[in-house]
Amino acid sequence: KRKLILDVDTGIDDAIGIILAVKSKQFDILGITTVNGNVSLDTATRNTSKILDLLDEREISVIKGANAPLLRNSFFEHRIHGEDGLGGALMDIKVKKQQDDGFAPDFIINSILNFPNEVTLVMTGPLTNLALAVKKCPQIINHVKEVIFMGGVVHGGGNVTPTAEYNMYVDPEAAKIVLHAGFESITQVGLDVTRKALLTEEHIELIENQKLADYIRSSTTDYRKRYFERNGIWACAMHDPLAVGVALQQDLVTREKFYVDVEVRSELCDGQTVCDFQNRLMKPKNVNVCLDVNVEAFFDMFIRIMNSSLD
Ligand code: BDR
Ligand code: CA
């Protein structure tokens with residue numbers, strides 16, 4: 001099985017990404033690392049543990065990471081993810097699974113050094129933990145199998161500011177470090193593709209596992225309502241689950257390598273991912289950018305995995 005570390009700021013869609021990764025049984029999940037983002041570090045960590053409880057999964061370690069962006073203040077998204085970060089779905093649940101000791105950037109470093117060229121990193125929050133790991137131990141850069149991150153947008157607008165996607169906006173300095181670190185294989189799963197992966201009630205009705213269907217329905221209710229108010233469709237984007245999906249099945253997306261950078265010094269454009277489509281800067285291409293997605297294939301896989309038994 002492929003070794004995986006998931007790095008999350010567990011809000012609604014991160015949680016569904018975790019469920020997808022665990023239930024796929026395709027990965028040896030070394031640990032789930034948490035980061036400040038949609039919600040505080042503590043809430044993200046608690047939510048991650050709640051989701052593992054929901055899955056009756058007690059073996060996977062949950063390791064806390066950065067409790068703030070590298071240089072900036074926190075920017076929580078309770079408007080979207082609710083006060084608890086999971087749309088209120090598991091509000092009254094007491095966490096059985098406790099977090100493990102350690103610090104996420106160190107856990108990432110040690111895992112990569114212990115299993116050189118074997119570890120895939122799927123990042124679905126701000127990139128703070130990986131940036132800290134790279135700064136502390138640059139040696140890891142040449143020994144990561146693959147980095148897949150949800151973040152950015154290269155066509156169309158952002159979802160926080162007119163130009164910036166949330167994960168990039170929250171910690172653009174970290175994103176800049178990660179994009180320029182020199183990873184052999186780093187894939188951006190940005191809004192260009194995740195916006196197309198819209199979960200609807202029809203999908204949820206296909207989930208036969210009642211516990212999961214109920215959880216996903218209730219966790220996404222306000223999220224879907226918000227989308228409806230803006231776009232007239234009851235749906236919500238599966239941003240983070242699609243990043244997990246790309247790790248599971250490469251051909252879900254079409255990607256092309258470009259030079260990509262992140263703006264860190266602009267009043268209007270901080271956090272914008274700038275993709276040099278025409279190679280104007282003549283810099284080496286650093287990022288595989290997802291340009292399109294086979295939405296039907298993604299949801300086929302999503303429903304199949306949700307309906308598989310856990311044993
Ligand atoms: C990203 O921002 C967060 O709100 C989601 O969890 C996702 O990782 C989408 O822009
Ligand atoms: Ca996220």
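Leaving aside its neighbours within four places in sequence, which residues is Glu-165 in contact with? The legends below describe a predicted model.

**View 1. Contacts of Glu-165 beyond its sequence neighbours.**

**View 2. Setting of Glu-165 in the loop between strand E5 and helix H6.** Strand E5 covers 144-150, and helix H6 covers 166-170. Glu-165 is buried, because 28 other C-beta atoms lie within 10 Å and 20 or more are enough to count as buried. Asp-276 is 111 residues from Glu-165 along the chain. The C-alpha atoms of this pair are separated by 17 Å.

**View 3. Packing of helix H1 against helix H2.** Helix H1 spans residues 12-24, and helix H2 spans residues 41-54. Their axes are 10 Å apart and form an angle of about 40°. H1 and H2 are therefore oblique to each other. Their crossing is right-handed. H1 contributes Ala-15, Ile-18 and Ile-19 to the contact. Asn-47, Thr-48 and Ile-51 come from H2. By class, the contact has 4 nonpolar and 2 polar residues, with no charged ones.

**View 4. Confidence along the protein chain.** The mean pLDDT is 96, and 99% of residues reach 70 or more. Among the elements, helix H3 (residues 78-81) has the lowest mean pLDDT, 90. Strand E4 (residues 119-123) has the highest, 99. For the complex, the predictor gives an ipTM of 0.98 and a pTM of 0.97.

Definitions and conventions. Residues are numbered from 1 along each chain as its sequence is written. Chains are lettered from A and ligands numbered from 1 in the order in which they are written. This is a predicted model: local features need pLDDT of at least 70, side-chain atom pairs count only at pLDDT 80 or more; totals for chains, interfaces and linings use all residues. pLDDT is the predictor's confidence in each residue, from 0 to 100. Helices (H or I, at least four residues) and strands (E, at least two) are DSSP runs, numbered from the N terminus. Axes are lines fitted to C-alpha atoms, for helices over the stretch in contact, and angles run from 0 to 180 degrees between N-to-C directions. Angles under 35 degrees count as roughly parallel, over 145 as roughly antiparallel, 65 to 115 as roughly perpendicular and the rest as oblique. A crossing is left-handed if the near helix is turned anticlockwise from the far one by less than a right angle, and right-handed if clockwise. Two residues are in contact if their C-beta atoms, placed from the backbone, lie within 7 Å. Ala, Val, Leu, Ile, Met, Phe, Trp, Tyr, Cys and Pro count as nonpolar, Asp, Glu, Lys and Arg as charged, and the others, Gly among them, as polar. A residue is buried if 20 or more other C-beta atoms lie within 10 Å of its own, exposed if 12 or fewer, and partly exposed in between; C-beta atoms are placed from the backbone.
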